[in-house]
Amino acid sequence: MNVTVRLAQQPEADELLGRSPLAALVGMLLDQQVPMEWAFAGPLTIAQRLGHKDLDAQEIAAYNPEAFVALLSDKPAVHRYPAAMAKRVQQLCQFLVAQYDGDAAALWRSATTGKELLSRLNALPGFGKQKSQIFLALLGKQYGVQPDGWREAAGTYGEEGAFHSVADITGPESLEQVRAHKQEVKRVAKEAKVAADAKAKVRA
């Protein structure tokens, strides 16, 4: 895998994401409750602190848990919740070692349909349906991984020309468009909740 991405908005971090399947997976795992570019810069920080140019699932899976927490917690921390995310990254790597011999790309290399690939992603520790669909869309839109029916399996995140998730980020402008979309989704959800609460009070 060797593609050009701009997910972290940092050349060195994006270079790693473009050539390392595991780095891309770990970046997606970290992408929650922090800015997207912070999350996707995380794999490079982890690799550097391990003294390598890439991530190795076997090494991370076998790493001393307390030492790995410390590694992610060092300033600047890899995530807002470094201890929790250190555990999740290790669980992800342990799963990959057990199921795919530590080869992250094996997840999609033999998947023949989008539905099959989505099912494999859903089985990963820390990957719920939404995260799995977003990563499937990212694989299809930017990494050239396009099994039959991948757009349909990715749901709205697979739509062409949309700006719904990290799968659609190709630079600063698209990053802002995705952020604007997320804010709009939150606004609509908040208004719906307020309306629902108002109805509930009337019924009471």
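## Aromatic pairs

Rings of Phe, Tyr and Trp (its six-membered ring) are taken as a pair if their centres lie within 6.5 Å, with planes under 30 degrees apart counting as stacked, over 60 as edge-to-face and the rest as tilted. On that basis, a search of the whole structure finds three aromatic pairs. The ring centres of Tyr 63 and Phe 68 are 5.7 Å apart and their planes stand at 65°, so this pair is edge-to-face. Tyr 63 is partly exposed, at 25% relative accessible area, whereas Phe 68 is buried, at 0%; buried means under 20% relative accessible area, exposed over 50%, and partly exposed in between (1.4 Å probe, protein chains only).

The rings of Trp 108 and Phe 135 have centres 6.0 Å apart and planes at 55°, so the pair is tilted. Because Trp 108 lies in helix 7 (residues 106-109) and Phe 135 in helix 9 (residues 129-142), the pair ties together parts that are 27 residues apart in sequence; helices (H or I, at least four residues) are DSSP runs, numbered from the N terminus. Both rings belong to one aromatic cluster, formed by Trp 108, Phe 127 and Phe 135.

## Basis of the model

This is a predicted model, in which local features need pLDDT of at least 70 and side-chain atom pairs count only at pLDDT 80 or more, while totals for chains, interfaces and linings use all residues. Residues are numbered from 1 along each chain as its sequence is written, and side-chain values use heavy atoms, with hydrogens and water left out.

Trp 108 has a relative accessible area of 10% and Phe 135 one of 0%. Residues up to four places away in sequence aside, Tyr 143 touches several others, including Met 1, Val 3, Leu 17 and Leu 138; contact means heavy atoms within 4.5 Å.

## Helix 2 and its surroundings

The axes of helix 2 (residues 21-30) and helix 6 (residues 82-100) come within 10 Å and cross at roughly 140°; axes are lines fitted to C-alpha atoms, for helices over the stretch in contact, and angles run from 0 to 180 degrees between N-to-C directions. The two helices are therefore oblique to each other, given that angles under 35 degrees count as roughly parallel, over 145 as roughly antiparallel, 65 to 115 as roughly perpendicular and the rest as oblique.

Ala 23 lies in helix 2 and is buried at 0% relative accessibility.
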